[in-house]
Amino acid sequence: MSDTSSSAAALPRKPLPQRLAEHFMVLALAGMVVAVFVNVVLRYVFSTSIVSYEEISRLLFVWLVAVGTIVAAFEGKHLGFDMLTSRLKGRARKLLFWFSQALVAGGMLLLLKGSWEQMIAGMESYSTVLGYPLALGAAATLVLAVGLLAGVVVDLSRGEPLAHGSDADVSVE
């Protein structure tokens with residue numbers, strides 16, 4: 001039986017932005033759990049609630065999804081449909097890879113443009129209860145688009161996508 005601490009030490013250290021994103025996700029999820037739990041208890045025990053907690057948990061959820069999507073993309077853990085590409089070799093596979101990356105980049109550029117416009121519009125609109133600018137929610141999709149465009153650039157510079165779940169294939173014996 002091998003020592004699990006020695007196998008954990010052999011794992012490469014994650015880059016700082018990834019660690020920060022994961023810490024943010026933990027805090028956002030914890031905040032959502034606390035906000036929802038407190039509201040459930042208040043509703044069923046005291047017949048009241050804290051309305052602002054709903055806005056907070058909704059905003060945290062939007063940011064959690066956006067940041068989580070970026071982290072998943074950089075770890076190669078997004079769902080992928082490779083029934084065709086796994087059977088191709090050489091130039092055809094490379095051509096299909098570049099085509100798919102161009103489609104992803106095109107989609108992210110459209111998302112970037114739309115998110116920017118939503119952010120501009122949201123600067124003049126405010127949430128009902130807390131009064132924060134609605135641009136804060138739209139900023140999550142802007143960050144998502146920029147993050148996934150960076151992922152496309154990384155994949156293109158590597159010449160192939162990161163294998164699905166490649167860093168998750170660590171076996172502990």
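Ser57 is found in helix α3. The model is predicted: local features need pLDDT of at least 70, side-chain atom pairs count only at pLDDT 80 or more, and totals for chains, interfaces and linings use all residues. Residues are numbered from 1 along each chain as its sequence is written, and side-chain values use heavy atoms, with hydrogens and water left out.

**Overall make-up**

- The chain has five helices and zero strands. Helices (H or I, at least four residues) and strands (E, at least two) are DSSP runs, numbered from the N terminus.
- From the N terminus on, the order of elements is α-α-α-α-α.
- Of the 173 residues in the chain, 27% are buried. Buried means under 20% relative accessible area, exposed over 50%, and partly exposed in between (1.4 Å probe, protein chains only).
- Take the contacts between residues at least 6 apart in sequence: 70% of them join residues at least 24 apart. Contact means heavy atoms within 4.5 Å.

- Ser57 is buried, at a relative accessible area of 12%.
- Its side chain reaches the backbone oxygen of Tyr53 at 2.9 Å. A polar contact is a pair of N or O atoms within 3.5 Å; within protein, one must be able to donate a hydrogen and the other to accept it, and residues adjacent in sequence count only if both atoms are side-chain atoms.
- Ser57 is also in contact with Met32, Ala35 and Val36, leaving aside neighbours within four places in sequence.

**Packing of α3 and α5**

- The axes of α3 (residues 51-74) and α5 (residues 135-158) come within 9 Å and cross at roughly 0 degrees. Axes are lines fitted to C-alpha atoms, for helices over the stretch in contact, and angles run from 0 to 180 degrees between N-to-C directions.
- The two helices, α3 and α5, are therefore roughly parallel to each other. Angles under 35 degrees count as roughly parallel, over 145 as roughly antiparallel, 65 to 115 as roughly perpendicular and the rest as oblique.
- On the α3 side, the residues that meet α5 include Leu59, Trp63, Ile70 and Phe74. Among their counterparts in α5 are Leu136, Val143, Leu148 and Val154.
- By class, the contact of α3 with α5 has 15 nonpolar, four polar and no charged residues. Ala, Val, Leu, Ile, Met, Phe, Trp, Tyr, Cys and Pro count as nonpolar, Asp, Glu, Lys and Arg as charged, and the others, Gly among them, as polar.

**Two residues of α5**

- Ala139 sits in helix α5 and is buried at 14% relative accessibility.
- Ala139 touches Trp63 and Met119, not counting residues up to four places away in sequence. Ala139 and Met119 are 20 residues apart along the chain, with their C-alpha atoms separated by 6.2 Å.
- Asp155 is in helix α5 too, and counts as buried at 14% relative accessibility.
- Asp155 and Gln101 are 54 residues apart in sequence and 8.2 Å apart in space, C-alpha to C-alpha.

**Aromatic pair**

- The structure holds one aromatic pair. The rings of Phe97 and Trp98 have centres 6.3 Å apart and planes at 80 degrees, so the pair is edge-to-face.
- Rings of Phe, Tyr and Trp (its six-membered ring) pair if their centres lie within 6.5 Å; planes under 30 degrees apart count as stacked, over 60 as edge-to-face and the rest as tilted.
- Phe97 is buried at 8% relative accessible area, whereas Trp98 is partly exposed at 43%.

**Loop between α2 and α3**

- Ser47 lies in the loop between α2 (16-46) and α3. Ser47 is exposed, with a relative accessible area of 67%.
- Ser47 has a positive phi of about 55 degrees, although it is not a glycine.
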